[in-house]
Amino acid sequence: MEEFLFPLAKMTVSGYNDGWPDWQPFDNPAKSARSMEAITALTTTYPFTFDPAAPFLDQASDWIADVFYDILPEAGFETRDEQIFMAFQLERAYKEKKTIFAEAGVGTGKTLVYLLYASLYARYTRKPAVIACADESLIEQLVKPEGDIAKIARHLDLNIDVRLGKSQDQYLCLNKLEEVRGPGSENEVFQNIYEELPPFVHFPDTLQSFYPYGSRKDYPELDDKQWDQVGWDVFQDCLICPRRHRCGQTLSRDHYRKATDLIVCSHDFYMEHVWTYEARKREGQLPLLPEHSSVVFDEGHLLETAAQSALTYKLKHSAFESIVTRLLEGEVRESLALAVENAIERSDDLFELIHRYSTPVPASQRNELELSAELMKGVNAFRAAVDAIEEEIVFESGMFSLDEYQLRIVEEHLEMMQTALALFANPRELICWTQDDQGDMTLVLMPKKVKEILNERVFSKKMPIIFSSATLSADESFDYIADSLGVSDYQSFSVASPYDYEESMKASLSTESSVAVKADHVLRALERREGGMLLLFPSRESMEAFRFEADSRLEFSDFPMLYEGDAEISRLISEFQNGKLVNLCAVTLWEGLDVPGDSLNHVVIWELPFPPNDPVFAAKRRESADPFGEVDMPYMLLRLRQGIGRLIRTSGDTGRVDIFGEAFNQQDVRERVGSLLPASAAKENK
Ligand code: SF4
């Protein structure tokens, strides 16, 4: 189909609503009553002179070609064939409003290409584009002063309106802060946060302008444990919170909704938007994200995990009790009161059973849950008790004895719980585990298959969707990722990194597993180079084991080590990048970390990153005829490729990668990992 022509005409027809794209473009700009006025407005919106009589994307692509052939080279940047090739591919995806898997190696400059298309298209359609990054630290990487968005503003004279839509757990919860603040050494830090809140939080009645505040990044000095005490969590009920209108999370949401060009969020947040879209509309709330013109999934190979965790249900006895007791606040009939009381007792019984049948999994915060006959009986009893409340509510609501708004919220919660508990009816389709949430046992339920829902709610929409990553294909095919996400119709391309890894990278493989011996190796390397080492750990436990070893040896005190979790992550990255002779230990920075130059000259892979033995992977393994070959090995290789990719970020970078793994004793592992490394590196270890 030929590209549409005139976005303002569309706005006259269907108006602006908050949701998915639902409009059909006009094929003749003259049909718009506001055409001349609109044309004038649009010609000043783009970095080129827009001719409304010609297809927009052709003109945008011509300008983007000028950017890569002329404008950037004139500003001192090299012309990259890979970028031009990628621009051509994205033009096609935008024109046809298709999903595209854009696999481009390190150094191809893929971010710049998708940012240009996404922003121009956003202006044309008058709807922002969403850039979804794999996690919160990658969001910060994208918007950092030396990142690509800043580069566009500097060299292309194109100021992009970009706003961050962070996940809920990235915001301070005023209710939780209230509980922990107070004088005394432990709580002093929270008291200080409280005192430094914007004035409108403390004095809500005075006339003053509200502004966003309270993001995790605003409190870099808090470690992760402290943040857990004050950051939003899934058991906070914002809908009925009296502090809602002064809460940083609410104000930030209002702020990013008004973005004209880009909203940058995490995969998790995007998926939460997808899953909660209908329920929020039912509750009379706006969807988490406004209507948007295109989506880019940066590090798109990680989307399946985000989709699964967004579809996860978390249940806790105390949360259930606090929600249903709200029903007793009005003058209700005795039968409803009894149903509530009974359901609370059944919930208590069920969580006792859950506790009994939970077994800790080593190196994981998840406990395995045995679905014993006794436990299933407890689930059914609880489900029946919730059913009984729902039936009673139907009678009660006709009598108007309950606050209607409260009632709707309780009903939504009960419905969510029933959907979650219904998953037990088909245990083969369920992944479940328990975990400790600040002292409370939490039951976590996740449906195995997310692809049908993704297909229906995301990929069947007529909208450009870009997957960008250096690692999307397996054995030169995109079928694996397409199938796991439910993408049935897609375009794809693959371009390799332009860097000469033979020249720039040295590598070693070792079967060593002793923490002390590996720490010796790290120490010797530090003595040679002193700083610029990134140590990547497959789990928090393994990082703590190294830390314990390093802290117990005096020699390590000469070398500054930063540990993920000790402060807000983008602060740690900035210290690592800008500090002299600093080293960084991390668990989640296998992807996306972009530190060019000597600040990162050595990557140590502490252990081959095989997936943990937790219930999610246990379920995947159970379903596979060859669990090691189809689940463990591909996961490990993909993550390892990403980890190694942190080293060489520009054509001038050099450095080394040292990889530890007992599994190198297996020839196939050694060969597969060797194939990811320069031939000279593989030889060095034969
Ligand atoms: S609106 Fe939500 S996050 Fe904000 S204070 Fe209330 S419960 Fe906490």
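Strands (E, at least two residues) and helices (H or I, at least four) are DSSP runs numbered from the N terminus.

Some ground rules: this is a predicted model, where local features need pLDDT of at least 70, side-chain atom pairs count only at pLDDT 80 or more, and totals for chains, interfaces and linings use all residues. Residues are numbered from 1 along each chain as its sequence is written.

**Exercise 1.** Find the strands that pair with strand 17, and say which way they run.

*Solution.* 
- Pairing takes at least two DSSP bridges between two strands.

**Exercise 2.** Work out where the buried residues of helix 14 (residues 303-310) sit around its axis, and what they pack against.

*Solution.* 
- Start with the buried ones: Leu303, Ala306, Ala307 and Ala310.
- Look down the axis of helix 14: its buried residues fall within an arc of 100° (taken from the directions from the helix axis to the C-beta atoms), so they line one face of the helix.
- Their packing partners are helix 13 (267-282), strand 5 (295-298), helix 19 (451-459) and helix 20 (479-485). Contact here means C-beta atoms, placed from the backbone, within 7 Å.

**Exercise 3.** Describe how domain 1 and domain 2 touch.

*Solution.* 
- Get the bounds, which come from an automatic or database domain assignment: domain 1 is 313-447 and domain 2 is 501-684.
- Their C-alpha centres lie 42 Å apart.
- The contact takes eight residues from domain 1 and eight residues from domain 2.
- On the domain 1 side, strand 9 (residues 430-437) gives the most, with three residues.

**Exercise 4.** Decide whether glutamate 527 is buried or exposed.

*Solution.* 
- Locate glutamate 527 in helix 22 (residues 515-529).
- Count neighbours: glutamate 527 has 11 C-beta neighbours inside 10 Å, so it counts as exposed.

Conventions:
Contact = placed C-beta atoms within 7 Å. Buried ≥ 20, exposed ≤ 12 C-beta atoms within 10 Å, placed from the backbone.
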